[in-house]
Amino acid sequence: MMGFPCLRLDGSFVAMADATVDALIFKLPEQRVAELIDDGAGDPFAPSGKVFREWVSVPALESARWESLLDEAISYATC
């Protein structure tokens, strides 16, 4: 997706890696993305300046959250 290595589940995008900023990017509900950004745990995903409301970039500094966020992204993709 957009040139990033990605993880898909049953054809739905779940997450992708962005090595240029050392982060994992997760597809989550818009409200959850806003919470993570407000908490300082993530950044808006805005390739080429366009913000994707259902995607959040979570840097390696927050890697302790990656596993639980991946679980959330998988649940979101399967609902």
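I began with the pairing of β2 and β3. Met 16 stands opposite Ile 25 in β3. The two strands run antiparallel and are joined by 4 bridges. Their hairpin has 4 residues between the strands, and Asp 22 there takes a positive phi near 55 degrees. I note that this is a predicted model.

Next I looked up β1. It pairs with β2 (residues 12-18) in the antiparallel sense, over 4 bridges. Leu 7 stands opposite Ala 15 in β2. This hairpin has 2 residues between β1 and β2. Asp 10 in the turn has a positive phi of about 50 degrees.

Then I took the sheet as a whole. It is open, with 5 strands in the order β1-β2-β3-β5-β4 and antiparallel pairing. Which strands stand at the edges? They are β1 (6-9) and β4 (43-45); each has a single partner strand, so one side of each is left without a neighbour in the sheet. On average, neighbouring strands are turned by 25 degrees against each other, direction ignored.

I moved on to the helices. Helix α1 (residues 30-38) packs on the sheet and touches β4 and β5 (52-59). Its direction makes about 35 degrees with that of β5. Helix α2 (residues 66-78) lies across β1, β2, β3 (23-27) and β5. I find α2 running at about 30 degrees to β3.

Last, I checked the charged pairs. How many salt bridges are there? The count comes to 4. One of them joins the side chains of Glu 54 and Lys 27, at 3.8 Å from N to O. This pair links distant parts of the chain: Glu 54 is in strand β5 and Lys 27 in strand β3, 27 residues apart. Glu 54 is partly exposed at 29% relative accessible area, and Lys 27 is partly exposed at 25%.

I then followed Arg 32. Its side chain meets that of Glu 35 in a salt bridge, 3.4 Å from N to O. Arg 32 and Glu 35 are 3 residues apart in helix α1, about one helical turn. Arg 32 also meets Glu 72 in a salt bridge, at 2.8 Å from N to O. Glu 72 lies in helix α2 and Arg 32 in helix α1, so this pair ties together parts that are 40 residues apart in sequence. Arg 32 is partly exposed at 22%, Glu 35 is partly exposed at 34%, and Glu 72 is partly exposed at 28%.

Technical notes: Residues are numbered from 1 along each chain as its sequence is written. This is a predicted model: local features need pLDDT of at least 70, side-chain atom pairs count only at pLDDT 80 or more; totals for chains, interfaces and linings use all residues. Side-chain values use heavy atoms; hydrogens and water are left out. Two strands pair if DSSP finds at least two bridges between them. Axes are lines fitted to C-alpha atoms, for helices over the stretch in contact, and angles run from 0 to 180 degrees between N-to-C directions. Contact means heavy atoms within 4.5 Å. Buried means under 20% relative accessible area, exposed over 50%, partly exposed in between (1.4 Å probe, protein chains only).
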